[in-house]
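Biologist: I'm new to this one. Can you put it up and walk me through it?

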Amino acid sequence: MFSIVWSTIRLGISPMPSSHGARQAMLDLCDEALQKCINQAINKPNSNVGDDGQLRIYELGSGWGNMLVALARRYPQHIIVGYELSFVPWLVSIVWLKLLRLNNVSVHRQDFFKVDLSSAKLALCYLYPQGMVKLEAKLTEDTGSLNYLISHHFALPHHEPIKTLWLKDVYQTPIYLYEVR
């Protein structure tokens, strides 16, 4: 409990899992974004897509691992990478992934703001307003191959989403799809 409280104070946000409806909406947008990535790779042979069509999908702030599990199951042909700084959720994710024997996913206890995102084609996040400001700055500075970003609830301040899904929940939660290249 102390670890979660300490991480919440230090990071400015507690590890909050996405609802089932939010995960499903994010996966639907992943399908769309990944298809666009594959189509772009066909037209541009020197892209960051392997010969077998394998792509890297990053979850920035993977929390308890719920979305990582959903991504790994939905896209067993792709590489799924999660980043989480909070110790207990990171540890739970590691155990969860090992128990489920999901070999196409890894989770790192690292600050994704300090990680090279250049090998990812798609990233997902459920951050907070200041986190989105920092992420936008990082995406502007990085010259990698990240094509798409899916954000649960919080928007990038200076980017227009190419698609927004609204959940049918009490909050009418938005899920945003951005093209960042």
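Biologist: Where does Val 95 lie?

Modeller: Val 95 is part of helix α4. Helices (DSSP runs of H or I, at least four residues) and strands (runs of E, at least two) are numbered from the N terminus.

Biologist: What should I know about the model itself?

Modeller: This is a predicted model, in which local features need pLDDT of at least 70 and side-chain atom pairs count only at pLDDT 80 or more, while totals for chains, interfaces and linings use all residues. Residues are numbered from 1 along each chain as its sequence is written, and side-chain values use heavy atoms, with hydrogens and water left out.

Biologist: Back to Val 95. How accessible is it?

Modeller: Val 95 counts as partly exposed because its relative accessibility is 43%. Under 20% relative accessible area is buried, over 50% is exposed, and partly exposed is in between (1.4 Å probe, protein chains only).

Biologist: Which residues form a nonpolar patch on the surface?

Modeller: Phe 87, Leu 91, Val 95 and Leu 99. Together they have about 360 Å² of accessible area. Areas are from the Shrake-Rupley method with a 1.4 Å probe; for residues, only the protein chains shown count as cover.

Biologist: And what makes a patch?

Modeller: Its residues have over 30% relative accessible area and no salt bridge. Nonpolar side chains (Val, Leu, Ile, Met, Phe, Trp, Tyr) are joined within 5 Å, like charges within 9 Å.

Biologist: Zoom out. How many helices and strands are there?

Modeller: Five helices and seven strands. The order from the N terminus is α-α-β-α-β-α-β-β-α-β-β-β.

Biologist: How much of the chain is buried?

Modeller: 45% of its 181 residues. The chain exposes about 9600 Å², and carbon and sulfur atoms supply 56% of that.

Biologist: What share of the contacts joins residues 24 or more positions apart?

Modeller: 67%, counting contacts with a separation of 6 or more. A contact means heavy atoms within 4.5 Å.

Biologist: New topic. How many salt bridges does the structure hold?

Modeller: Four. A salt bridge needs a side-chain nitrogen of Lys or Arg within 4 Å of a carboxyl oxygen of Asp or Glu. Arg 74 makes one with Asp 28, with the closest N and O atoms 3.5 Å apart. Arg 74 is in helix α3 (residues 66–74) and Asp 28 is in helix α2 (residues 20–43), so this pair ties together parts 46 residues apart in sequence.

Biologist: Which other residue meets Arg 74 in a salt bridge?

Modeller: Asp 31, at 2.5 Å from N to O. That pair links distant parts of the chain too: Asp 31 in helix α2 and Arg 74 in helix α3, 43 residues apart.

Biologist: What about Lys 163, which residue is its partner?

Modeller: Glu 32, with the closest N and O atoms 2.9 Å apart. Lys 163 lies in strand β6 (residues 163–166) and Glu 32 in helix α2, so the two tie together parts 131 residues apart in sequence. Glu 32 is partly exposed, at 24% relative accessibility.

Biologist: Now Glu 84. Buried or exposed?

Modeller: Buried, with a relative accessible area of 8%. Glu 84 sits in the loop between β2 (79–83) and α4 (87–100).

Biologist: Which backbone nitrogens does the Glu 84 side chain reach?

Modeller: That of Gly 63 at 2.6 Å, that of Ser 86 at 3.0 Å and that of Ser 62 at 3.3 Å. A polar contact is a pair of N or O atoms within 3.5 Å; within protein, one must be able to donate a hydrogen and the other to accept it, and residues adjacent in sequence count only if both atoms are side-chain atoms.

Biologist: Which residues does Glu 84 touch?

Modeller: Leaving out residues up to four places away in sequence, they include Gly 61, Pro 89, Trp 90 and His 108. The C-alpha atoms of Glu 84 and Leu 60 are separated by 7.2 Å, with the two residues 24 apart along the chain.
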